[in-house]
Amino acid sequence: MILHNKIVRWGKSLFALAIILLFGLPSNAQNSTDFGGMLTAEYQQSFGSFWDVNVKEDLRFDHDFSQYSRSKTSIGFDYKLKKYRLLDGLKMGVAFDYINKYTEKQIYRNRYRFSAHFTYKYDYRNWEFSFRTRYQLMMHDETRGYYNYKMQHVWRNRLSVEYHQKNSRWSYGVSGELVAENKDKDLFLESILLVGNVDYRLTRRQYLSVFVRDYRDIYITDDQIRTVFFGLGWKFKH
């Protein structure tokens, strides 16, 4: 009982600290801040006890919610390793994303992203702790109308905490993700992604989420604009 109370207090303190970091980190190094919106819809289908298939669509708007920023269509496959007792809580997966992005030069660019990841989750009482490491390989066209593609390698590591309120449909989560990109054939830490979310279970299979996403570049350039996204998401799990 004493151990449980300590873990609960530690979890609440960690949750509060993450909220403070999400909204309280100094941003005066950024020249300006833009606000945007996100809409997401996701469908998840399980096959047996070990396989999951995810299909997801999201839309982003920036320039204070007034301009289309990008769309992303994703399909992913996850395999749970829980049949191996020592690997319970671990899963691996692959995904493909098609991204249509509107650039500052008023050009729509297509991007194609392949990724592979490992995720580990640990549940204790009403708390869920997870860590994900993901490698991404992305191709995007450099010049409109030409088959000229540039390869980009990205390594992302995310740590998240989620609290499921007892006897309630509500849950709350925060996460931080470090993003490293290739520069001159080496990976360099470029940015950190901070996310805070509140989820509500509508039915046994449907979930609604309200969230905030804040990308913070580590190396700030003179013309850097920081965009904070406010989002609404819907998920169906079958």
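Select Phe96 first: beyond its neighbours within four places in sequence, its contacts (heavy atoms within 4.5 Å) are Thr73, Ser74, Ile75, Tyr112, Arg113 and Phe114. The model is predicted, so local features require pLDDT of at least 70 and side-chain atom pairs pLDDT 80 or more, whereas totals for chains, interfaces and linings use all residues. Residues are numbered from 1 along each chain as its sequence is written, and side-chain values use heavy atoms, with hydrogens and water left out.

**Around Phe96**

Phe96 belongs to strand β4 (residues 90-102). Helices (H or I, at least four residues) and strands (E, at least two) are DSSP runs numbered from the N terminus. With a relative accessible area of 31%, Phe96 is partly exposed; buried means under 20% relative accessible area, exposed over 50%, and partly exposed in between, for a 1.4 Å probe and protein chains only.

**The whole chain**

Colour the model by secondary structure next. The protein has 1 helix and 11 strands, in the order α-β-β-β-β-β-β-β-β-β-β-β from the N terminus. Of its 238 residues, 37% are buried. Among contacts between residues at least 6 apart in sequence, 47% join residues at least 24 apart. The accessible surface is about 15100 Å², and carbon and sulfur atoms account for 58% of that area; these areas come from the Shrake-Rupley method with a 1.4 Å probe, and for residues only the protein chains shown count as cover.

**Aromatic pairs**

Now display the rings of Phe, Tyr and Trp (its six-membered ring), which pair if their centres lie within 6.5 Å; planes under 30 degrees apart count as stacked, over 60 as edge-to-face and the rest as tilted. The count by this rule is 13 aromatic pairs. Select Tyr68 and Tyr108: their ring centres are 6.1 Å apart and their planes stand at 45°, so this pair is tilted. Because Tyr68 lies in strand β3 (residues 67-80) and Tyr108 in strand β5 (residues 108-124), the pair ties together parts that are 40 residues apart in sequence. Tyr68 is partly exposed at a relative accessible area of 22%, and Tyr108 is also partly exposed, at 42% relative accessibility.

Move on to Trp127 and Tyr163, whose ring centres are 4.7 Å apart with planes at 50°, so this pair is tilted. Trp127 is in strand β6 (residues 127-141) and Tyr163 in strand β7 (residues 149-164), so the pair ties together parts 36 residues apart in sequence. Trp127 is buried, with a relative accessible area of 4%.

Then select Arg60, whose charged end sits over the ring of Phe229, 5.5 Å from its centre. The criterion is NZ of Lys or CZ of Arg within 6 Å of the ring centre and within 35 degrees of the ring normal.

**Salt bridges**

Side chains of opposite charge can pair when their charged atoms come close. The structure holds 7 salt bridges, each a side-chain nitrogen of Lys or Arg within 4 Å of a carboxyl oxygen of Asp or Glu. Select Lys80 and Asp52, which form one at 3.4 Å, N to O. This pair links distant parts of the chain, with Lys80 in strand β3 and Asp52 in strand β2 (residues 51-62), 28 residues apart. Lys80 is partly exposed at 26% relative accessible area, whereas Asp52 is buried at 3%.

Select Lys72 and Asp58 next; their side chains meet in a salt bridge of 3.8 Å, N to O. Lys72 lies in strand β3 and Asp58 in strand β2, so the pair ties together parts that are 14 residues apart in sequence. Lys72 is buried at 14%, and Asp58 is buried at 3%.

Finish with Glu177 and Arg156, joined by a salt bridge of 3.0 Å, N to O. Glu177 is in strand β8 (residues 170-183) and Arg156 in strand β7, 21 residues apart; both are buried. Salt bridges with shared partners join Arg132, Arg156 and Glu177 into one network. Arg132, in strand β6, is buried at 13% relative accessibility.
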